[in-house]
Amino acid sequence: MLDILAPGLVAGMIVTAAHAPLGIEVLKRGIVFIDLATAQVVGLAIILLGLWLEDPVSIVRQGVIFGAGVMIALFFRWIERQSPDEQEAVIGSSFIVAASAGLLVLANDPHGGKALSDVLSGQILFISWGNILAFLPVYGIFAIAWLIDPRLRSGVGFFILFALVITASVQLVGVYVVFASLILPALAARKGKGYVLWRAYLSGAVAVIAAILISAAADLPAGPFLAVCFAISAAVMRLLYRNKTLLT
């Protein structure tokens, strides 16, 4: 059983490791829905590509999908500079427009329901080692850039790194898990006005392990259940450290 679940567990851990610092940065900036909007736009690109090209070569597919992710991220950066007080409204509107467009283009597609479910919920239990290896360089580039040059955590550098990671993660785990794994572990890491990064890692890791094992054993949809586990793990983490603080 574990050999079958291993790729999903590894993919979940990689996504969690990359999303923890990004999620904290998102909360610091106060642009919570940027991940959901970016993920939804990337999801729309995946849907449209599937309708327009039956079996595109990998380089074309990834070029289009990553291009969509970077373009929307740069658009959000432009809004941040030009009209920061409207940024969150634009981000939220972008999400709902992309989500609605996805529903419209799939309205008359007999396989539209499955295509939409795959984009939103993902198929983490069916991830292969090949899928992981295909996106591993993206996460590696992000980790190196994030750790070596802190200047890339601000300005346009942040938006580009964010877009690259989100675009890879949507293809691995789906829109719902992308949002949950960015925001909920970051909330678990909150301490006063700051954040404790290892709490985000721990909260996310516990959620991934529990969700993969339980969903496989109980035959539950892994993506939605993983999102729920991220929420439960974050709530427990906050409660534990809140009580510890009160006792001390």
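This is a predicted model: local features need pLDDT of at least 70, side-chain atom pairs count only at pLDDT 80 or more; totals for chains, interfaces and linings use all residues.
Biologist: How many aromatic pairs does the structure hold, and what makes the pair of phenylalanine 75 and tryptophan 78 stacked?

Modeller: The structure holds six aromatic pairs. In the pair of phenylalanine 75 and tryptophan 78, the ring centres are 6.4 Å apart and the planes stand at 25 degrees. Rings pair if their centres lie within 6.5 Å, and planes under 30 degrees apart count as stacked, so this pair is called stacked.

Biologist: Why are phenylalanine 75 and tryptophan 78 separated by about one helical turn?

Modeller: Both residues belong to helix α3, which covers residues 58-82, and because they are three residues apart in that helix, about one helical turn separates them. Phe75 and Trp78 also form one aromatic cluster together with Phe76.

Biologist: Why are phenylalanine 75 and tryptophan 78 called partly exposed?

Modeller: The relative accessibility of phenylalanine 75 is 32%, and the relative accessible area of tryptophan 78 is 48%. Buried means under 20% and exposed means over 50%, with partly exposed in between, so phenylalanine 75 counts as partly exposed, and so does tryptophan 78.

Biologist: What makes the pair of phenylalanine 158 and phenylalanine 162 tilted?

Modeller: Here the ring centres are 5.7 Å apart and the planes stand at 35 degrees. Stacked would need planes under 30 degrees apart and edge-to-face would need over 60, while the rest count as tilted, so the pair of phenylalanine 158 and phenylalanine 162 is tilted. These two residues are four residues apart in helix α7 (residues 155-173), and therefore about one helical turn separates them.

Biologist: Are phenylalanine 158 and phenylalanine 162 buried or exposed?

Modeller: Phenylalanine 158 and phenylalanine 162 are both buried, a word that stands for under 20% relative accessible area.

Biologist: How do you know that arginine 29 lies over the face of phenylalanine 158?

Modeller: Arginine 29 is at 4.2 Å from the ring centre of phenylalanine 158. A charge sits over a ring if CZ of Arg is within 6 Å of the ring centre and within 35 degrees of the ring normal, and arginine 29 is placed over the face of that ring.

Biologist: Which elements supply the lining of the largest pocket?

Modeller: At least two residues each come from α2 (34-52), α3, α5 (112-121), α6 and α7, and the largest share, five residues, comes from α2. The space in this pocket is about 690 Å³. Of its 30 lining residues, Ile46, Arg61, Asp118, Val119 and Gln171 are the closest to its centre, and by class the lining has 16 nonpolar, eight polar and six charged residues.

Biologist: What is the volume of the second largest pocket, and which residues lie nearest its centre?

Modeller: Its volume is about 340 Å³, and Ala17, Pro21, Trp146, Leu197 and Tyr201 lie nearest the centre, out of 17 lining residues. The lining of the second largest pocket takes its largest share, seven residues, from α1, and has 14 nonpolar, no polar and three charged residues.

Biologist: Why does phenylalanine 95 count as partly exposed, and what does phenylalanine 95 touch?

Modeller: Phenylalanine 95, in helix α4 (residues 87-105), has 23% relative accessibility, and because this falls between 20% and 50%, phenylalanine 95 counts as partly exposed. Leaving out residues up to four places away in sequence, phenylalanine 95 touches Leu36, Ala37 and Gln40.

Biologist: Why is aspartate 219 called exposed?

Modeller: Aspartate 219 has 70% relative accessibility, and exposed means over 50%, so aspartate 219 counts as exposed. Aspartate 219 is found in the loop between α9 and α10 (222-247), and its phi is near 55 degrees, a positive value in a residue other than glycine.

Key
Residues are numbered from 1 along each chain as its sequence is written. Side-chain values use heavy atoms; hydrogens and water are left out. Buried means under 20% relative accessible area, exposed over 50%, partly exposed in between (1.4 Å probe, protein chains only). On a 1 Å grid over the protein atoms alone, a cavity is a set of points where a 1.4 Å probe fits but cannot get out, and a pocket is an open set with protein on both sides within 12 Å along at least five of seven lines; lining residues have an atom within 4 Å of a point. Grid points are joined across faces, edges and corners, and a volume is the space filled by probe spheres set on the points. Ala, Val, Leu, Ile, Met, Phe, Trp, Tyr, Cys and Pro count as nonpolar, Asp, Glu, Lys and Arg as charged, and the others, Gly among them, as polar. Contact means heavy atoms within 4.5 Å.
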